[in-house]
Amino acid sequence: MNELQTTGFARYDYMKELAYDGIEEDYDALLKYFEDLPKDEYAVGLNRYRRYSRALVLPTSKTIEWLPNVERDGVELAAYFQGKFNPEHPGDYREFPAIDAEVLENKLLQKIIMADYEKTFWNEQDKIMPIHVGVHFVKLNVEKADDIAVSSPNSLHQDGEPFTFAHLIERYNVEGGTNAIGIPEVRHMLPEETKDGQLHDVFEITEPLESYGVNDKKVSHYVSPITRGPLDEAGRRSVILIDYQLTVVAEMEE
């Protein structure tokens, strides 16, 4: 039984865990791609940049099948829905610019997706179903001394997907970006509003591919806003977030 089952969260070092010939080159390609992420149109003024794509992991072949996007005004978009779980966008479908096809084929990205998948667990009857995977590329960027960049939602929360993993791509010249893992009952609160014993852990991920995963039913989680660090130049915190949930066969009407 792994830590996701027992405590509801776990931390990983994927640079070591996934080590293979060429990992540095594949990592550098992902790092470069984050330089030009488009602004998150749902986060006006919050200095957040984002792309998103969806896939299925097939349990028998252990392969990844990327799902099609929609095109609007010549831009490829992928839809994302969290139902009631994001208090900033309750019941809203959001559409984000899709991740480019050549990046989806990045060997490191695919290894990360499958390594996360292997850490998830399901009921026996669910193991025969494809698993839906949401891949978010998210960058918080602060250029001016008084800039602040904010993740969504800006409180302890649960995502609605059974499992979510976060993988650091870059942390440069920033303050903040502190992660907190709490009990489910403190969702919608800030860490400083919780009582003793309601937070399992508070930490920062600082090294490339330093990662953590959460079991959504067992914990809530949070990352604090960032501000610019001590250097007189832009700061940024870039992560790949990956969520996993069941696909469902609709009931047929008799």
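**Reading contacts, charges and backbone**

Author: Leaving aside neighbours within four places in sequence, Ile23 is in contact with Tyr14, Met15, Leu18, Leu108 and Leu209. Keep in mind that this is a predicted model.

Reader: Where does Ile23 lie, and is Ile23 buried or exposed?

Author: Ile23 lies in helix α3, which covers residues 23–33. A residue is called buried when its relative accessible area is under 20%. Ile23 has a value of 2%, so Ile23 is buried.

Reader: How far apart are Ile23 and Lys107, in sequence and in space?

Author: They are 84 residues apart in sequence, while their C-alpha atoms are 8.2 Å apart in space.

Reader: Are Glu210 and Arg11 buried or partly exposed?

Author: Glu210 is buried, with a relative accessible area of 16%. Arg11 counts as partly exposed, at 38%.

Reader: Which side chain meets Glu118 in a salt bridge?

Author: That of Lys62, at 3.2 Å from N to O. Glu118 lies in helix α5 (residues 107–119) and Lys62 in the loop between β2 (48–58) and β3 (63–66), so the pair ties together parts that are 56 residues apart in sequence. Glu118 is partly exposed at 48%, and Lys62 is partly exposed at 39%.

Reader: And what is the accessibility of Arg228 and of Asp232?

Author: These two side chains also meet in a salt bridge, with 3.2 Å from N to O. Arg228 is buried, with a relative accessible area of 17%, whereas Asp232 is exposed, with 69%.

Reader: Which residues are linked in a network of salt bridges?

Author: Asp40, Arg48 and Arg50 are linked in such a network.

Reader: Let us turn to the backbone. Where is the cis peptide bond?

Author: Look at the bond joining Ser152 and Pro153: it is cis, with omega of about -10°. Pro153 is in the loop between β8 (148–149) and β9 (163–172).

Reader: What is the phi angle of Asn47, and where is Asn47 found?

Author: Asn47 has a positive phi of about 55°, although Asn47 is not a glycine. Asn47 is found in the loop between α3 and β2, and at 22% relative accessibility Asn47 counts as partly exposed.

Reader: What is the phi angle of Lys62?

Author: It is positive too, at about 55°, and Lys62 is not a glycine either. This is the residue from the salt bridge with Glu118, in the loop between β2 and β3.

Notes. Residues are numbered from 1 along each chain as its sequence is written. This is a predicted model: local features need pLDDT of at least 70, side-chain atom pairs count only at pLDDT 80 or more; totals for chains, interfaces and linings use all residues. Side-chain values use heavy atoms; hydrogens and water are left out. Helices (H or I, at least four residues) and strands (E, at least two) are DSSP runs, numbered from the N terminus. Buried means under 20% relative accessible area, exposed over 50%, partly exposed in between (1.4 Å probe, protein chains only). Contact means heavy atoms within 4.5 Å. A salt bridge is a side-chain nitrogen of Lys or Arg within 4 Å of a carboxyl oxygen of Asp or Glu.
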